[in-house]
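Come along and check each entry against the view below.

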Amino acid sequence: MHLLSVEHITKSYGEKLLFENVTFGVEDGDKVGIIGVNGTGKSTFLKVIAGLEQADSGKVSIGNRVTVRMLAQDPVFAPNETTLEHVLGGDSPQLRAVQAYAAAMEAIELNPSSTALQDQLIKANQLMDEFDAWQLESDAKMALSKLGIYDFEAKVETLSGGQRKRVAMAAALLLPSDVLILDEPTNHIDNDSVAWLEGMLQKRRGALLMITHDRYFLDRVSNRVIELDKGQAHFYQANYSRFLELKLDREDREAATESKRQNLLRNELAWIRRGAKARTTKQKARIDRFEALKADAPKQAGGKMDVSVASTRLGRKIVELEEVTKRFGDRTLIRDFSYIAVPEDRVGIVGRNGSGKSTLMKLIAGHLTPDEGTVDLGTTVKLGWFSQEHEEMDQTLRVIEYIREGAEQVKTADGSTISAGQMLERFLFSPTMQWTPISKLSGGEKRRLQLLRVLMNAPNVLLLDEPTNDLDISTLTVLEDYLDDFPGVVFVVSHDRYFLDRTVDKIVAFEGDGVITHHTGNYSDYQEYVAKHGVAASAASSAPAMKAQEPVVSSTTASSEKEAAKPRTLKMSYKDQKDFEQIDGWIEAAENEINDLASQMEAASSDSVKLQELAAKQQQQEEKLEKLMDRWTELNDLAEQIQAQK
C-alpha cells in the first residue's frame with residue numbers, strides 16, 4: 001500500500017544546499033534509515049516530510065487517511081503534564097476514549113449519586129468497548145517502564161532531557177500512525193531499552209523513517225537506506241550491512257566514470273591548446289563539448305575527518321580506585337568498587353540509565369568525591385573528558401573562538417604544529433563555518449566540535465560519556481580508528497553495542513544496588529556470559545541475578561530421546577532426489593542472473609530510479625542464491641550420510 005510520495009524536494013539554508021531534487025515513495029512495511037554526515041540536513045529532511053518545515057521547491061503528497069507522526073530531537077510538552085498524561089494525551093479515538101473514561105471516573109468519585117454523571121460513565125464505558133481501549137493505559141505504562149520511566153505521575157518538566165525524550169518516544173510508539181518518523185531514537189536510552197525498541201519496531205505495522213547512528217539497530221530494523229551526500233540522495237533497497245556493499249559499488253562506478261571524464265577532458269584540452277580554429281561549426285561543437293565536460297565535474301566530497309591529534313606520555317601509575325562507595329541520599333550507586341587501570345586499557349561501562357555510570361566517570365575525573373574509599377590518579381595523567389551535555393559550551397561563541405580558548409596552536413600526531421583554524425578544517429569545519437556561532441550548529445556538529453576541544457589538549461586518559469550520541473556514522477568510524485592507535489587509556493560509557501564491540505576489551509557492569517562486576521571481552525562477549533549464566537538481560541538489572549533453572553526431564557521426554565537415539569536408515573525422498581539432480585544448474589542460472597544485473601546497474605549508473613529497481617532485483621536474486629546454496633549443502637550432507645551407511 002502506497003503511503004506517501006516525495007517529489008523533487010530541495011532545501012537550502014542561506015548558501016548551504018542541504019538536498020536537491022529528491023524523489024521517492026514510501027510503502028507500507030518500509031523501514032527506512034536516513035544516513036549522512038552531520039550537517040547534511042537529515043533532521044530537516046524528516047521535518048519536511050512530516051510537514052513541520054517547508055521545502056524550497058517540490059512537494060510531499062500523503063495519502064488520504066494516512067497518519068504521519070514524528071518524534072523530534074527536542075519534543076514539546078504541555079505545562080504541568082505528567083509522564084502518563086503525555087503518553088495518553090494524543091488525539092486518536094482510542095486515546096480520547098481513555099481520557100473521557102478517566103474524566104468520568106474522577107467526576108463520579110466526587111458526586112457518586114449524580115444520575116447525569118452515571119450516564120456519562122456508561123457512555124465512556126461504551127466508548128472504551130467500541131475502540132478496544134481498555135489495554136491502552138497498561139500499554140502506556142509498559143512502554144514507559146521499558147524505556148526507563150517508572151514514575152508515571154512525575155511532572156515532565158522536572159525530568160532530564162534524556163528522560164523527556166523517552167517519554168515522548170513512548171507516546172510516539174503508543175499513538176497509532178501509518179508513518180512513524182524517529183530522529184535519533186536510541187539516544188539517551190540504555191542497552192535493554194534499545195533491544196526492546198528494536199523488537200517493537202521490527203514487529204510494528206506501517207512504515208518507519210528514522211535517523212540513527214546505532215549500526216546494529218539500523219542493520220536489524222531497516223530494509224531501505226537513504227544516504228544524503230553532497231546535496232544528493234542515494235537510495236538502497238537494503239539493510240545497513242548490504243548498504244555498505246552497495247555504496248562501495250556505487251563509489252567504484254563513480255570513480256570509473258570520473259576517470260573517463262578526466263581522460264576526455266585532457267584530450268580535448270590538448271586539442272584546444274594546439275590552437276584550434278573555433279570558426280567552423282565542427283570545431284565550435286568540439287569546444288562546446290570541452291566546456292560541457294568541465295561543467296560535468298562531480299560535486300566535491302564533503303571530506304573525511306582527520307583525527308591526527310597528539311597525546312601525552314603516560315607513566316606506570318594511571319587510575320586506581322580502591323573500595324569506592326558513592327551514595328545519593330538513601331540510594332547507593334557504587335559499593336566497594338576497586339579497579340586498577342593498566343596501559344592501553346579499553347574499558348566499557350554498561351548498565352541501566354540512572355544506575356551510576358556517569359557518576360563513576362565523574363569520580364575518576366575528580367568532579368565528585370567518594371563517600372568512602374579513594375580515587376588516585378598518576379602524576380602524568382592528563383584527562384580528556386567528553387561529556388554527554390553541551391552546557392559547558394558557551395553557545396554565543398563562534399566556532400573558532402571556542403577552539404582558541406583551548407589553544408591557538410594544535411600539535412598533531414606526527415609532531416608538527418598547526419593553527420586552530422587548520423585543525424578545524426580537518427574536523428570538517430570550513431573557514432566560513434568557523435565564524436558561525438555555536439548556537440547555529442546542528443547537534444552533531446556541536447558534538448564534533450566538543451570532541452576536537454577535548455582531543456586538542458593531548459590527553460592520555462580519555463573519559464567518553466555516551467560519545468555516540470548525535471555523532472554521525474562516518475565520524476564514529478574515524479573515532480574508532482583513532483582509538484585503535486591511541487596509546488593511552490579509555491573509559492567509555494555507551495549504549496551503542498557496535499561501538500563497544502569495536503573499541504573495548506573489558507566490561508564494567510552495573511548490576512543494581514551498587515554492585516559492579518568486571519568481565520573480560522567486548523559487549524557481545526559479555527552478553528554471551530549473561531545468557532550462559534542466567535543473569536538479567538542487561539548489566540543494569542535492578543533485580544538480583546537469577547540462577548539458570550535446570551531443565552526438567554520427564555519420563556516421556558526421556559523415552560522420546562531414547563527412541564530418537566536409535567539408528568535409522570537414511571534415504572532421499574523423491575523431491576530431494578529431483579532437487580539434487582538439478583540444483584547445480586539452478587545455482588549457475590542464479591549466478592548468471594546476478595552478473596547480468598551487475599552489468600545492467602553499471603550501464604544505468606546515471607539513472608537513479610532504474611538503478612534502484614535493478615538493486616532490488618539483485619537483492620532478490622542474491623537471497624535466492626543463498627537459499628539455493630543452503631539447499632545444496634543440505635542435500636550434499638544427506639548424500640554423504642547415505643553413502644556412509646553402505
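**Cavities**

I started with the second largest cavity, which is lined by L321, F337, Y339, V347, L360, I364, F491 and V508. I was working with a predicted model, where local features need pLDDT of at least 70, side-chain atom pairs count only at pLDDT 80 or more, and totals for chains, interfaces and linings use all residues. Residues are numbered from 1 along each chain as its sequence is written, and side-chain values use heavy atoms, with hydrogens and water left out.

I noted what a cavity is here: on a 1 Å grid over the protein atoms alone, a set of points where a 1.4 Å probe fits but cannot get out, with lining residues having an atom within 4 Å of a point. A volume is the space filled by probe spheres set on the points, which are joined across faces, edges and corners.

What kinds of residue line the second largest cavity? I found 8 nonpolar, no polar and no charged (nonpolar is Ala, Val, Leu, Ile, Met, Phe, Trp, Tyr, Cys and Pro; charged is Asp, Glu, Lys and Arg; the others, Gly among them, are polar). Strand β11 (331–340) and helix α11 (357–365) each supply at least two of its lining residues; both are DSSP runs numbered from the N terminus (helices H or I, at least four residues; strands E, at least two). Its space is about 50 Å³.

Next I turned to the largest cavity, with about 60 Å³ of space. Its lining includes I34, K42, E184, H213 and D472, and divides into 5 nonpolar, 4 polar and 3 charged. Domain 1 (1–67 + 177–237) and domain 3 (319–533) each give at least three residues to this lining; the bounds come from an automatic or database domain assignment. I counted 2 cavities of 30 Å³ or more.

**Nonpolar cores**

A nonpolar core is a set of buried Ala, Val, Leu, Ile, Met, Phe, Trp, Tyr and Cys residues joined through side-chain atoms within 4.5 Å, buried being under 20% relative accessible area, exposed over 50% and partly exposed in between (1.4 Å probe, protein chains only).

In the largest core, of 48 residues, V87, L144, V167, L197 and L201 touch the most other members. Helix α6 (residues 161–174) gives the most to this core, 8 residues. Where does this core lie? It lies between domain 1 (1–67 + 177–237) and domain 2 (73–175), because both give residues to it.

I followed L201 and, leaving aside neighbours within four places in sequence, found contacts (heavy atoms within 4.5 Å) with residues including K31, L173, F217 and V221.

Definitions and conventions:
On a 1 Å grid over the protein atoms alone, a cavity is a set of points where a 1.4 Å probe fits but cannot get out, and a pocket is an open set with protein on both sides within 12 Å along at least five of seven lines; lining residues have an atom within 4 Å of a point.
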